[in-house]
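Thank you all for coming.

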Amino acid sequence: MDLTIYDRTSNGISQDQHNLVEQVLQFAAQKLNLAENTEMSVTLMNNPAIKKINAQYRGVDRATDVLSFAAEESGDESPIIMDPELAAELPTNLGDLFISMDKVVEQAKFLGHSSARELGFLVVHGFLHLNGYDHEQPADEKKMFALQREILDEYGLKR
């Protein structure tokens with residue numbers, strides 16, 4: 001998977017944090033059997049920056065832990081007709097994740113686990129949203145959370 005990670009925090013993220021985001025997302029992409037030419041981005045930021053995005057795009061005037069913006073929505077658009085071989089070569093852009101590193105620290109402390117576990121959890125949670133998983137309905141929540149737990153456990157970020 002072609003992954004771009006942006007550090008927009010005020011103090012900078014560590015190399016370990018950068019590596020964790022990269023590795024857990026590559027692991028999750030393999031778990032979902034995504035094509036190698038799949039693309040996405042992750043922007044790590046602080047509470048004030050994510051609060052602005054949350055207010056602008058969701059109408060919620062507070063900081064949140066993770067925001068997922070899917071690039072390719074399924075809907076009623078007319079399909080683009082092209083050669084199947086060419087279509088297979090075109091990358092699929094999943095979208096963008098925005099994660100508050102302030103919330104990573106706050107929630108890890110509150111939940112009593114490591115910041116690495118919390119960062120991994122938020123990355124996988126947002127990633128699954130970008131891949132069409134949701135937790136609005138109980139059955140969907142059960143499916144998404146089970147897959148989330150499976151990915152994190154197999155990667156080695158158990159609670």
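Let me start with burial: a residue is called buried when its relative accessible area is under 20%, exposed when that area is over 50%, and partly exposed in between, all with a 1.4 Å probe and with protein chains only. Threonine 43 is therefore counted as buried, at a relative accessible area of 8%.

Please keep in mind that this is a predicted model, in which local features need pLDDT of at least 70 and side-chain atom pairs count only at pLDDT 80 or more, while totals for chains, interfaces and linings use all residues. Residues are numbered from 1 along each chain as its sequence is written, and side-chain values use heavy atoms, with hydrogens and water left out.

On the overall layout, the protein chain has six helices and four strands, where helices (H or I, at least four residues) and strands (E, at least two) are DSSP runs numbered from the N terminus. Read from the N terminus, the elements follow the pattern β-α-β-α-β-α-β-α-α-α. Of the 159 residues in the chain, 36% are buried. Taking contact to mean heavy atoms within 4.5 Å, residues 24 or more positions apart account for 70% of the contacts with a separation of 6 or more.

The four strands form an open sheet in the order 1-2-4-3, with mixed pairing, two strands being paired if DSSP finds at least two bridges between them. Strand 1 (2-7) and strand 3 (66-70) stand at the edges with a single partner strand each, so one side of each is left without a neighbour in the sheet. From one strand to the next, the twist averages 15 degrees; for such angles, axes are lines fitted to C-alpha atoms, for helices over the stretch in contact, and the values run from 0 to 180 degrees between N-to-C directions.

Which way does each pair of strands run, parallel or antiparallel? Strand 1 and strand 2 (residues 38-45) run parallel and are joined by six bridges, with threonine 4 having serine 41 of strand 2 as its bridge partner. Helix 1 (residues 15-31) packs on the sheet, where it touches strand 1 and strand 2, and its direction makes about 155 degrees with that of strand 1. Helix 4 (residues 101-111) also packs on the sheet, touching strand 2 and strand 4 (92-100), with its direction at about 60 degrees to that of strand 4.

Threonine 43, with which I began, is placed in strand 2, and, not counting residues up to four places away in sequence, it touches Tyr6, Arg8, Leu97, Phe98 and Ile99.

Let me turn to the histidines. In an unreviewed UniProt entry, the annotation "binding site" covers His125, His129 and His135; such positions are given in the numbering used here, feature names are shortened, and annotations may be inferred rather than shown by experiment.

Is histidine 125 buried or exposed? Histidine 125, which lies in helix 5 (residues 115-130), is buried, with a relative accessible area of 10%. Histidine 135, by comparison, is found in the loop between helix 5 and helix 6 (138-155) and counts as partly exposed at 26%. The side chains of histidine 135 and histidine 125 make a polar contact at 3.3 Å, meaning a pair of N or O atoms within 3.5 Å, of which, within protein, one must be able to donate a hydrogen and the other to accept it, with residues adjacent in sequence counting only if both atoms are side-chain atoms. Leaving aside neighbours within four places in sequence, histidine 125 is in contact with Val66, His135, Met144, Phe145 and Gln148.

Also in helix 5 is valine 124, which is buried at 0% relative accessible area. With neighbours within four places in sequence left aside, valine 124 is in contact with Val24, Gln148, Ile151 and Leu152.

Most residues other than glycine have a negative phi.
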